[in-house]
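Trainee: I have a model open and want to learn how to read it. Where do I start?

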Amino acid sequence: MRLLGAPRDLLAALAGMLASMRLLQEQTVKDAASAHYELKLFGYPWAASGEATMHSRVLILKLVELLEMHGWSLYASIDQNNGPSGDSSYSETDCWYCVKSSDWTPGSIILHR
């Protein structure tokens, strides 16, 4: 999971939540100046099947709840295909574009899966 433009308090809260769910494998700062972070998760929660899909849904709900607790709202969710001409054999990336309401400090973040 990559975070672009995320404030440190949100990053810390997200890492804490993932650690409490025993999903956080590693936390990396890709570029501190542009607030680009990466959180590696154990397993493949985004490609779950069977009973594991319920755990993935809980994770998504907790992500949305955590964002809202920090004043962020999910503005758009985009399923991007990175392959040429829509070739599905290339990796797909789900991007969440999040914004803060006007009564919060201005800012925006992007989460990539």
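Predicted model: local features only at pLDDT ≥ 70, side-chain atom pairs only at ≥ 80, totals over all residues.

Trainee: Take Leu18. What does Leu18 touch, not counting residues up to four places away in sequence?

Mentor: Leu23, Leu24, Leu39, Leu41 and Leu59.

Trainee: Now the helices. How do I describe a packed pair?

Mentor: Two packed helices are described by the angle between their axes and the distance between the axes. In this model, helix 1 covers residues 8-20 and helix 2 covers residues 52-69. Their axes come within 11 Å and cross at roughly 155°. Angles over 145 degrees count as roughly antiparallel, so helix 1 and helix 2 are roughly antiparallel to each other. Their crossing is right-handed.

Trainee: Which residues make the contact between helix 1 and helix 2?

Mentor: Helix 1 brings Leu10, Ala13, Leu14, Met17 and Leu18. Helix 2 brings Leu59, Lys62, Leu63, Leu66 and Leu67. Sorted by class, that contact has 9 nonpolar residues, no polar ones and 1 charged.

Trainee: Next, Ser56. Is Ser56 buried or exposed?

Mentor: Check the relative accessible area. Under 20% counts as buried. Ser56 has 10%, so Ser56 is buried. The residue is found in helix 2. Leaving aside neighbours within four places in sequence, Ser56 is in contact with Pro45 and Ala48.

Trainee: And His70? Where does His70 lie?

Mentor: In the loop between helix 2 and strand 4 (72-81). His70 has 19% relative accessibility, so this residue also counts as buried. Asp9 and His70 are 61 residues apart along the chain, and their C-alpha atoms are separated by 8.5 Å.

Trainee: Let me zoom out. What pattern does the chain follow along the sequence?

Mentor: The pattern is β-α-β-β-α-β-β-β. That comes to 2 helices and 6 strands.

Trainee: How much of the chain do buried residues make up?

Mentor: Buried residues are 30% of the 113 residues. Then look at contacts between residues at least 6 apart in sequence. Of these, 51% join residues at least 24 apart.

Note on methods:
Residues numbered from 1 in each chain as written. Heavy atoms only, no water. Axes fitted to C-alpha atoms, helices over the stretch in contact; angles between N-to-C directions. Helix = DSSP H or I, 4+ residues; strand = E, 2+ residues; numbered from the N terminus. Parallel < 35°, antiparallel > 145°, perpendicular 65-115°, else oblique. Left-handed = near helix turned anticlockwise from the far one by under 90°. Contact = heavy atoms within 4.5 Å. Nonpolar A, V, L, I, M, F, W, Y, C, P; charged D, E, K, R; others polar. Buried < 20%, exposed > 50% of the residue type's maximum accessible area, 1.4 Å probe, protein only.
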